[in-house]
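Please look at the sequence and the structure below.

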Amino acid sequence: MGFPFKIKSYVKAIRRIPEREIQINSGFLALVGPNGSGKTLLLRGLKDNLQRAFNERKEDLKDCPFGRKVLFLSSGRIGELEKYRTNYYGTPSHTINYKDASFGEEGSYITRYMNESIKGSFQTFHVRPDILLKVQERLKKLLGRDLNLYWHCGKLKARFKNIEAGNEYYPASEASGIIHLVSILSALYDDQVGALLLDEPEVSLHHQLQTFLFREIQKVAGYPDEEGKKLVLIATHSTAMIKLQSPKDLSSIVFCDSIQSQPLQISLDNEVLKNKKLKSLIQRIGYEHKLAFFSKQPLLVEGPSDAIICSGLIRKLELFPEASGSYILPVIGKGEMSVIIKLMKLIGKHPIVLADADAVIDDSSLIDRFVNDNKKARSLAAEKGHKSAAGFVKAVKESFSQKVSENWGSIEDKATNHPYWKEKEKKNDQNKKMRAAFSTILSMSDDEISGLENQSDWCDIKKQLIALLDFLEDLGCFILRRGTIESYYEFAKTPSNKVNDAITEVEGFEEKEISFVKKQYNDIVRCLEYASKHETINEKELLLLEAVSVVSRALFFIKRNKIVSDDEFKKFSKELLREKTVLFKLKLEHANGNISGLSIDINSKIIPIEGFPITFNIDEDPIQKIHNILA
């Protein structure tokens, strides 16, 4: 067979989902994606086909009497042991019986490879003392634990020992992370396992233990024909479980977005993997970059100070970019932004960018990432009367450059006071002019511009720049119109250390009104609102729909049964609401001694919805009334 080879996964749990084909390029493969994106189903769907492939090659594996096995360990691998760790049945008099936990009977080891929980792992220890010895050694040196098995009344039992304290105890009272680790190590060291499928190997593990486990995984990951090697396929949410040492490692990561869509996997022969800048980036890639792999639309900002300001604004404005799959990724170095955008697009992400003004002025590499081969960009440019998006960008930049060159004298006094002019390098006067003029003209009001010489030229170019920047924002590329993040500062007026200044600024605006914050940091706020776009959580809408159902039935009961007293209605309302008596309170309304209507109120402290109680006349259409409220 040999690498690479393709294997199909049939998602059995949902019949309408077609087969997915995954290419195995190395001994290790990671499935990443949000919860509910189908990682577990995809992983499980590979099991039978991998076992079939091993069975067809039994004759090549004579040293394994059972042939190479495919083992799937579920994320809930503690399994039945949980009954002996918790009040599993929820009874008042329940006593947690740690000592009653066992791991099978004599002979049950025969089916251990079908067992997806720790029970199969402990049965392996029973028949393979060499595997137990390897795990014991690591438990002793890493965690100060010992593990021993014994038989009691025909059942396989185990005891842990805290070496330092000297006390023994039952597995059910051991830390869940250690139990998970023991289970996975058993499978990793088992040479009869040719492919190990691990769902969330990081479950309950401290980060350092995740790192250790990943190193152990890498030691055994390889082609199953090699001695001591096996395929290891995982579904994970952990950055510690992502191998990324060279561009080709990207081909061993499968990016899942949803059950319905085809997972994204980069081909080994993709030309992008040969990119020198990408190779250099991956050599330096860190924890934060890997976190972006788990988001749908990473928000790239220029450095830690920009990230601090963005995080502060998110808290202040109560935005929820995480709900839209956004993650703030600070990028160090001007040249790195374009490379990371390229990487993120390659792995199926939709990056959003918040960049300094020089990203537009100095070169177009960052802008090109958003407009080239982009259908939305072409459509938006066409709406503005341009043949192409790239042509639109080029035309505005050339016009701006020409106007600045021709009219620099009329804006020089203001532009040379901008931080771009004062603080940037002195080598390239033209770039300095362009940057300073860009941010100065965009910061000036129309009245201020009207006082400039050649005001019509400046008015025209300001309109062109705003049209271009609005166009880019529609694509997810936000340019700081005042230049850099520091140009928006109101409280950190005296520059010292960038990170400290950002912290000072956040402390200042957290005490201000939201209206002030939105106005002062308007460009940044627009970017964060774009990154936070998602369907609004609206409890009121669902609550009103429930209310109209209850009220409609209540009014029908009142009319049909000619209810005249509150006591009669209480009886009916209990039958009507049943479990919803916790949610709503109904009350009859009276006028002139007769029932005139019905009021409904919320009976919950955790759903603070304004507008209740709502009163309905006896002959009023509740559907229409609720419709008017929602409108």
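Leucine 299 stands opposite isoleucine 328 in strand E13. Strand E12 (residues 297-301) pairs with E13 in the parallel sense, over five bridges; two strands count as paired if DSSP finds at least two bridges between them. Strands (E, at least two residues) and helices (H or I, at least four) are DSSP runs, numbered from the N terminus. The model is predicted: local features need pLDDT of at least 70 and side-chain atom pairs count only at pLDDT 80 or more, while totals for chains, interfaces and linings use all residues. Residues are numbered from 1 along each chain as its sequence is written, and side-chain values use heavy atoms, with hydrogens and water left out.

The sheet is open and has four strands in the order E13-E12-E14-E15, with parallel pairing. Strand E13 (326-330) and strand E15 (477-479) stand at the edges with a single partner strand each, so one side of each has no neighbour in the sheet. Direction ignored, neighbouring strands of this sheet are turned by 15 degrees against each other on average. For such angles, axes are lines fitted to C-alpha atoms, for helices over the stretch in contact, and values run from 0 to 180 degrees between N-to-C directions.

Helix H8 (residues 304-317) lies across E12, E13 and strand E14 (352-355), and runs at about 150 degrees to E13. Helix H9 (residues 336-346) also packs on the sheet, where H9 touches E12, E13 and E14 and makes about 175 degrees with the direction of E12. Contact here means heavy atoms within 4.5 Å.

The salt bridges come next. A salt bridge is a side-chain nitrogen of Lys or Arg within 4 Å of a carboxyl oxygen of Asp or Glu, and by this rule the count is 27. One of them joins glutamate 80 and lysine 119, at 3.3 Å from N to O. This pair links distant parts of the chain, 39 residues apart: glutamate 80 is in the loop between strand E4 (69-73) and helix H2 (118-127), and lysine 119 is in helix H2. Glutamate 80 is partly exposed because its relative accessibility is 39%, and lysine 119 is partly exposed at 23%; buried means under 20% relative accessible area, exposed over 50%, and partly exposed in between (1.4 Å probe, protein chains only).

Arginine 128 and aspartate 130 form another salt bridge, with their closest N and O atoms 2.9 Å apart. Arginine 128 is buried at 15%, whereas aspartate 130 is partly exposed at 40%. Elsewhere, salt bridges that share partners join Asp470, Glu473, Arg481, Asp523 and Arg526 into one network.
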